[in-house]
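Work through the exercises below with the model open. Each task is followed by its solution.

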Amino acid sequence: MPPPPNVAPHPSPQTEALSASYVPGGGYDEMREGPGQPIRPVWSETAAVLDRLGPEGLEQRVETVERLIREYGVSYNVYSDAGGQQEWAMDVVPFLLDGKEWSLLEEALSQRFHLLNLILHDCYGEQRLIQGGRLPPELVLGNPGFLTPAHGLLPQKFRHLHLYAADLARSADGVWWVLSDRLDAASGLGYAIENRQLSHRVMPEGLRGQPIRSLHPFVSDFCDAVEGLSPRHRENPHVVLLTPGPGNETYFEHSFLARTLGYPLVEGDDLTVRDGRVFLKSISGMRQVDVIVRRVDSDWCDPLELRSDSLLGVPGLLQAIRSGRVAVANGIGCGLLQSPAISAFLPGLCRDLLGENLRLPSVATWWCGQPAERDYVLSNLHSLVLKSAKGPALGPALFPGNHSAALQRQWRRRIERHPGDWCAQEFVNKATTPLLSGGRLHAAPFLLRVYLVRHQGGYTMMPGGLARVARGQEGSVSMQAGAVSKDVWVTGLAQVSQRERRPSQAAPTIIRRSAHSLPSRTADNLYWLGRYCERAEARTRLVRVLIDSLMDESWTGPGESIFLLFSALMPLGEMQNLKLENPQGTAGVDPDEAESLLRRWFGEELPGGGLRADIASAMRIARGVKERLSLDAWHTASHLDQRARTLPPGRQTVISDRTLQTLDSIVGLLSGLSGLFMENMVRGDGWIFQDLGRRIERALQMCNLIYSTLTPPCRNPNALLRPLLQCSDSLITYRRRYFTSLQTVSVLDLLICDPDNPRSIAFQLHRIEEHLGGLPHRAQSHALPLPLDKTSLRLTSQTGLCDVAGLAETNRGRRLKLARFLDALASGLGIFSEQLAEHYFAITYRQSTASAARGASVDLA
Amino acid sequence: MPRYHIIHRTAYKYSMPVAISRHSGYLKPRSSSRQAIDSFSIAIEPAPAEQHERKDYFGNTQLHFQIEEPHTGLIITAESRVTVAPPDRLPPPPASAPLTCRDVREALRKDTSTDSLSAAQMACRSSLTAFTDPIDDFAAPFFPGDRSYYECASDLCAAIHQQFEFDPHATDLSTPVTEVLRLRRGVCQDFAHLMLSCLRSQYLPARYVSGYILTLPPPGQSRLQGADASHAWVGIHLPGHGWIDLDPTNNLLCGDGHVTVAIGRDYADISPLRGAVIGGGTQKVKIEVTMTPEEEVSRP
């Protein structure tokens, strides 16, 4: 990656400095105290950096950040009928927070964190707050977020909340407010860390030129906190990150966090409960899990006690938590306090429980379940924000003032009918912060999400966070609705306080040579990643040789060999119109038909046609194992994805130089990817499965290629040997070895039996055998060989013992022995692949049997 | 006092082997002032690798078990002997409890005792009950504020019985209660959910009860084994008196012919059996309930 462009030493004197031309919003502005007023001290250094860069410099940074986001694949899934992914958006201009102000927020939110933990403990325990009239029963007991099976689940105090996120807004008069609390499975932490990594790339001057607090200590506190929950209290506990899967809105950050924190990313199906313990199904058997960091919402975590339609959870998880043998962060049921109406009661609860005033107020909230509050809401409906009062999943906020009188009447009626379902909040006129757009800074309203962790009995706030800025004054700050995110910079050096991490207390570094054992699902994915990459590479090479041959005029004569190359790509039935019989008795190929066939092949109109599907499958799997791939491998993969989009059929002729160039670069990227796997992936089980996939696919593709080209009768068989060697990248090897013209026997020996040719079938089979020796089943059951060992052995000996001269023999032009040999080999490889899957992957999917015992056929009357 | 012998047998058949399965459920009758559990046993075939019982949030006995050997069938047989109090020990007759709907709501608001709180929870919407305009419109005429809650609820119970047809094929477990109201058909679970939705949308406390009901064999014939099924009805809360059970499927004030297994906000809290299986292909389930008065059992 090239470094960002150098900063221009002097801004052009004609143009006004960016910061000088910035017009702050009408209320409080983060950068400037007011129109024509000076820049706030916290912004001075960053404003100077922006001015030095100027609009052109910043434009380059914007391009860089967009490119990096594409290459890192930072995205979030969009929930819509169309589905799909949306790229992340980050403004290169950060959000700045003064260190002192940050400390005040940390103190205030620590109090709130503590309070929320106490309330959760009471609601899921003795319920004194409800009995004492401090919390209305309807808001707790009648709240869909109150999960009765979680009652009594965590008898100890402070076991519910470990990570707490709050959405903050600053009002136009400069005061901070809590807009909402995110407790159940708060998202955004991964994006916040990712944003900081992006800032290091695109705004290094800003981060270097002033003391900006690092996020690392927080990440390490978070890991300490999570690992400290381990019921077995041993060093190096087994922690997993539970994700709903690649379909989830924020799957990107789940895989990003898993990689950053070093925990395996698992889905519900990967875990199983036995004897009150949770186990991860891995290729080396079951491994007990100590702590689950959960990104699955509470209600979906256990289909036996919570939502029975959930396929995301782990059946029996609650029972395992009850037995005290696994910890889950955050605790099940925390979403209860996310209900907006709860915040109306926090000031009173804070005085009751802590004897203090709530330091950071929630935005004013009225719960309509109380008569006076309901009356207030009904008389001020036009100026309030209306929300659904209950439930952890927040419904959309409504702005009655923006709607017709008829609609307002309808809402009024609904409030009157079921007042307890509604609450209203004050509309916050938000402060503004500069947003870069069109080479200028514009004032835009924002929301700030901050994260706190409970650690060693205290609370720590991340010196950073995720700011979201609406494009436009009144726009939405939801990323789904196209808002822009900002990295949050907290200025000032870390103060040494009791909350800061004490390095002297840090545990001695544990060197982990071998990572935690590989989840079966990941092994399965890596295996297929290897196979699809290899398949794409083999087919790209083949179609490249074919197009090259079609463009080479000297090839117009022996059309028959081209015909056979075609047959390696598509079923013979599709090729009926391809052959032209020349009057001389030699066969040719109809160029128009060749073009049309290839166009259909690329367009995936032919069975098994095209390259895009293979590359798309490889990309889909790569996204699912992203936390296992190095960044470089990921960059190469995303280049590949982009390049694959320029493949035919476009408007141009398929048989053209342009296609050849595209194919060349795809072969280059695929080889680059395989090189990165070879060089940069730790030689653990994951790598072995990836490479097994490659080896099996390469052997299968070779069988197919030799079968299609060398077994049918051909009037000029030697004409095929050269393209065959080209397809398998073995032409140079051949030339160095034989110095002769091409001969079938030598070519077959090189491509099938030569143990030193990395493209030969024998070479693949030897690697497979080696890999099997390195896999976990050896260590455990060194007694009997498994069926897959036997298959591998059989394949190796078949190949090693084969009589190449015999295989090359023809019988009326056909090579029947070769055909039989290749058939047996290919079916043996297929069996091996199935045996491998059965032994190591064996992911069978769960179903529910909720349809029991329904309906009494009783009618006595 | 009537004593019953109840056998509740659930048999699953799978088209493919199940590698491992985990189940939870409510099969053990509650003991209360109205009913005593003389004996209870459960037989699971194949034998589970683990099995637990716990008291849930509502005081019911929740059963958990896991089967770890491959199987293509699973049979769970729960056998209970229960003594039910005769009618004169039931809660005071409605006439002596002239609590109006308004009184009931008021009592819930003011009283913060544990009993009242658990009743307050039962006045809230739950996952299988609904508050919609059609439900409101159907329910509202039954509940003028100044009428006795018990009488209103009894009228509603009778109306559901009269206006709705018992039809096991019209609905299934996923049919929402609003659809039941539109179809005017369903089974006991549907009628219980509908009645609960009506009562709760009026802020009146009512809970879901699952259990068994004694059916009478046709004259001259003996009781058919396994012909019955598990049943469901509704309990309404009268502050100061406790819970009174009404059966909208049969338009009955529940007496000594009903045996309570579990109580909850709705079916989702206390479904008799829930499971998660790995493998199994397609599955079939067959449920048989036989409830016999003890005197018949002991007869030679």
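**Exercise 1.** In which helix is the place of Glu560(A)? Decide also whether Glu560(A) counts as buried or exposed.

*Solution.* This is a predicted model, where local features need pLDDT of at least 70, side-chain atom pairs count only at pLDDT 80 or more, and totals for chains, interfaces and linings use all residues. Residues are numbered from 1 along each chain as written, chains are lettered from A and ligands numbered from 1 in written order, and side-chain values use heavy atoms, without hydrogens and water.

Step 1: Glu560(A) sits in helix H14 of chain A, residues 559-569. Helices are DSSP runs (H or I, at least four residues), numbered from the N terminus.

Step 2: Glu560(A) counts as buried because its relative accessibility is 13%. Buried means under 20% relative accessible area (1.4 Å probe, protein chains only).

**Exercise 2.** Describe how H4(B) and H6(B) pack.

*Solution.* Step 1: The axes of H4(B) (residues 149-163) and H6(B) (residues 188-201) come within 11 Å and cross at roughly 140°. Axes are lines fitted to C-alpha atoms over the stretch in contact, with angles from 0 to 180 degrees between N-to-C directions.

Step 1: H4(B) is therefore oblique to H6(B).

Step 2: List the contact residues (heavy atoms within 4.5 Å). H4(B) supplies Tyr149(B), Ala153(B), Leu156(B), Cys157(B) and Ile160(B). H6(B) supplies Phe191(B), Leu194(B), Met195(B), Cys198(B) and Leu199(B).

Notes: Helix = DSSP H or I, 4+ residues; strand = E, 2+ residues; numbered from the N terminus. Parallel < 35°, antiparallel > 145°, perpendicular 65-115°, else oblique. Buried < 20%, exposed > 50% of the residue type's maximum accessible area, 1.4 Å probe, protein only.
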